[in-house]
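Here is a short briefing to read alongside the model. Have the sequence and the 3D view open as you go.

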Amino acid sequence: MESSSIGIDIVSIARMGQASKKELFLKRVFTGPELAYAKSRQRPEKHLAGRFAAKEAVVKALSRGILSGLSLKEIEVVNGADGRPSVRLGPGAAEAVAGRPVHLSISYTREYAFAFIMISAAAEAFGREGFK
Ligand SMILES: CC(C)(COP(=O)(O)OP(=O)(O)OC[C@H]1O[C@@H](n2cnc3c(N)ncnc32)[C@H](O)[C@@H]1OP(=O)(O)O)[C@@H](O)C(=O)NCCC(=O)NCCS
């Protein structure tokens, strides 16, 4: 059985502002809905940085290098009606995650975006009842 794992990443919002001037970078890393979400906000680079951090945190949780062939575009951040972020996976990423639930939290300071990922083991270690 695949075990639980965590990943965390921090991204400079100013650096994302620079990187996001390159159309090729945006096309390689972000999906259409991610770009649309960021563009709809006051500081698009902030939300791109948050999404970039989330993607890298997933890669870390999977213990896969960025050059492992797993495309960051296969890891998509979507927001629910209440704003809560979650992760949608393309086929390659889904294979690596192997059906385990993926949990995401994003936070910001003025300068940095932070993302924390937890990939839970498929089965809970302790049943619903816990210790007896
Ligand atoms: C969730 C909440 C605590 C975030 O506080 P905040 O100071 O804006 O947090 P940060 O700036 O550090 O982080 C923002 C990120 O939190 C996440 N977030 C937003 N709403 C969330 C929620 N309901 N639950 C969990 N995470 C949430 C998002 O990923 C967001 O970044 P993104 O827009 O780039 O995806 C705050 O917005 C809140 O209290 N919301 C209550 C629910 C609410 O009123 N929703 C209004 C829309 S219906």
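Which residues have the most contacts inside the largest nonpolar core? They are Ala49, Ala53, Ala54, Val58, Leu104, Ala115 and Ile117, in a core of 29 residues. This is a predicted model: local features need pLDDT of at least 70, side-chain atom pairs count only at pLDDT 80 or more, and totals for chains, interfaces and linings use all residues. Residues are numbered from 1 along each chain as its sequence is written.

**The core**
- A nonpolar core is a set of buried Ala, Val, Leu, Ile, Met, Phe, Trp, Tyr and Cys residues joined through C-beta atoms within 7 Å; buried means 20 or more other C-beta atoms within 10 Å of the residue's own, exposed means 12 or fewer, and C-beta atoms are placed from the backbone.
- Helix 4 provides the largest share of this core, nine residues; helices (H or I, at least four residues) and strands (E, at least two) are DSSP runs, numbered from the N terminus.

**Helix 3 (residues 32–39)**
- Glu34, Tyr37 and Ala38 are the buried residues here.
- These buried residues line one face of helix 3, because they fall within an arc of 95 degrees seen down its axis (the arc of directions from the helix axis to the C-beta atoms).
- The face turned away from the buried side of helix 3 carries the exposed Gly32, Ala36 and Lys39.

**Around the ligand**
- Strand 4 gives the most to the shell around the ligand, three residues.
- Helix 4 (44–61) and strand 4 (102–108) each supply at least two residues of this shell.
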